[in-house]
Amino acid sequence: MLNHQYTRYSLATRGLGRGWLLLGFTVVALIGFLSSAPVARAQDSTIRAIQNIFDPLSAPAETLYSISLLVLAVCALIFLIVGGLLTYAIIRYRRRGPEDDHEEPPQVYGSAAIELAWTVPPILIVVMLVLVTARTIGEIQHHTMPDAAEEIRVIGHRFWWEIRYPKHDIVTANEIHVPLSTRQNRVPTEMILESADVIHGFWVPQLNGKTMLVPNYRNTMWIEPYATGTYLGNCTVLCGQQHANMLIRVIVDPPDVYQKWLESQKTKPVVDPQTAEGQRQFISNSCGTCHRIEDSRATGVFGPDLTHFASRATLGSGVAKNDDTNLRSWLHDPQVLKQGCLMPNMQLSDRQVDAILAYLRTLK
Ligand code: CUA
């Protein structure tokens with residue numbers, strides 16, 4: 001897609017002016033952007049990084065997509081009519097010579113026909129859009145969940161997501177695994193959205209619209225994805241310095257893979273004598289005051305639960321890949337990868353970092 005754009009760009013630079021170049025580039029970029037969507041859909045287990053409401057892959061997102069097409073079509077029609085009349089008036093009644101400077105065009109007052117024409121149709125259009133929107137909201141909010149539906153609690157924190165699976169007694173963070181839903185086996189996922197501190201916003205555009213996470217309040221929404229892969233999303237409400245790095249990953253697994261994931265998240269950490277030193281360092285450096293690790297003295301709730309930390313693909317709520325280089329950097333000073341995050345630099349020595357890193361890597 002990139003190559004395609006750059007070829008057009010270099011051809012265009014030869015003869016055209018800047019304005020045309022910009023316009024051309026925008027059009028090509030737009031075409032490339034829109035045409036890339038079906039390619040992603042055909043692949044399996046991909047990273048769905050294009051956050052595009054025009055490529056819905058889940059039931060509520062599809063409903064929102066169709067209503068957005070209707071609204072866009074109505075607006076496009078209004079734009080064409082108004083823009084067309086304006087263009088006509090500009091050309092038809094333009095200044096034709098010096099004689100026009102002394103003559104006022106004929107003035108129209110109190111024409112009932114014109115007054116009705118520009119008030120009644122707009123009111124009807126707005127009423128139509130209100131009714132259609134109200135029906136869509138009702139359809140999404142009063143959707144009945146099948147018994148097989150999965151249930152998840154998502155709790156927003158500055159600047160990460162706590163994820164709980166009450167039915168399975170699982171706690172994790174930032175990466176949300178949900179089952180794939182098919183026509184034969186419908187498994188939607190209901191989400192309860194809450195916040196531990198300030199207002200956050202949950203939005204994975206290909207799965208559903210935005211929903212706020214408000215302190216002392218429970219919001220709910222649901223998704224029903226019908227394509228596997230990793231969907232990226234964002235926090236949508238400015239919640240502090242690292243708002244932009246409060247990233248969401250929703251991993252949609254086929255049913256058997258999902259069941260395996262659930263099982264793996266229920267296992268207890270293995271006791272590995274080789275990493276006993278790391279565990280000791282973890283506790284003695286107060287890591288366990290903020291983080292919880294099952295079957296250990298780490299019982300904190302301010303930071304992400306690390307019981308299965310090594311099974312996650314990313315660090316710091318999606319800010320970096322969960323590899324040894326990034327983890328070492330994070331343990332030395334989290335402020336390097338995520339400046340403003342609430343985990344302080346614990347002034348660990350290289351030896352302590354290595355020991356804790358080895359310990360964290362056993363938490364699969
Ligand atoms: Cu959380 Cu922005």
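Glu-277 and Arg-280 both lie in helix α6, three residues apart, which is about one turn of the helix. Their side chains form a salt bridge, with the closest N and O atoms 2.8 Å apart; a salt bridge here is a side-chain nitrogen of Lys or Arg within 4 Å of a carboxyl oxygen of Asp or Glu. The model is predicted: local features need pLDDT of at least 70 and side-chain atom pairs count only at pLDDT 80 or more, while totals for chains, interfaces and linings use all residues. Residues are numbered from 1 along each chain as its sequence is written, and side-chain values use heavy atoms, leaving out hydrogens and water.

**Overall make-up**

- The protein has ten helices and 13 strands; helices (H or I, at least four residues) and strands (E, at least two) are DSSP runs, numbered from the N terminus.
- Of its 364 residues, 39% count as buried, where buried means under 20% relative accessible area, exposed over 50%, and partly exposed in between (1.4 Å probe, protein chains only).
- The accessible surface comes to about 21,400 Å², and 61% of it belongs to carbon and sulfur atoms; the areas come from the Shrake-Rupley method with a 1.4 Å probe, and for residues only the protein chains shown count as cover.
- Among contacts (heavy atoms within 4.5 Å) between residues at least 6 apart in sequence, 61% join residues at least 24 apart.

**The five-stranded sheet**

- An open sheet has the strand order β4-β3-β2-β6-β9, with mixed pairing; two strands pair if DSSP finds at least two bridges between them.
- Its edge strands, β4 (170-173) and β9 (219-223), each pair on one side only.
- Strands β2 (residues 150-157) and β3 (residues 160-165) are antiparallel and share five bridges, and Arg-153 stands opposite Arg-164 in β3.
- Strand β6 (residues 189-195) and β9 also run antiparallel, joined by five bridges, with Thr-220 in β9 as the bridge partner of Ile-192.
- Four of the five residues of β9 are buried, so this strand is largely enclosed by the rest of the structure.

**Salt bridges**

- The whole structure holds 13 salt bridges.
- Arg-328 and Asp-354 meet in a salt bridge of 3.2 Å, N to O.
- Arg-328 belongs to helix α8 (residues 324-332) and Asp-354 to helix α10 (residues 350-361), so this pair ties together parts that are 26 residues apart in sequence.
- Both partners are partly exposed, Arg-328 with a relative accessible area of 34% and Asp-354 at 37%.
- Salt bridges with shared partners join Arg-153, Glu-194 and Arg-218 into one network.
- Arg-218 sits in the loop between β8 (211-213) and β9, and Glu-194 in strand β6, 24 residues apart.
- Arg-218 is exposed, with a relative accessible area of 52%, while Glu-194 is buried at 14%.

**A buried loop residue and a surface patch**

- Thr-275 is found in the loop between α5 (255-266) and α6 (276-284) and is buried, with a relative accessible area of 8%.
- Not counting residues up to four places away in sequence, Thr-275 touches Ala-358, Tyr-359 and Thr-362.
- Ile-81, in helix α3 (residues 59-92), is partly exposed, with a relative accessible area of 49%.
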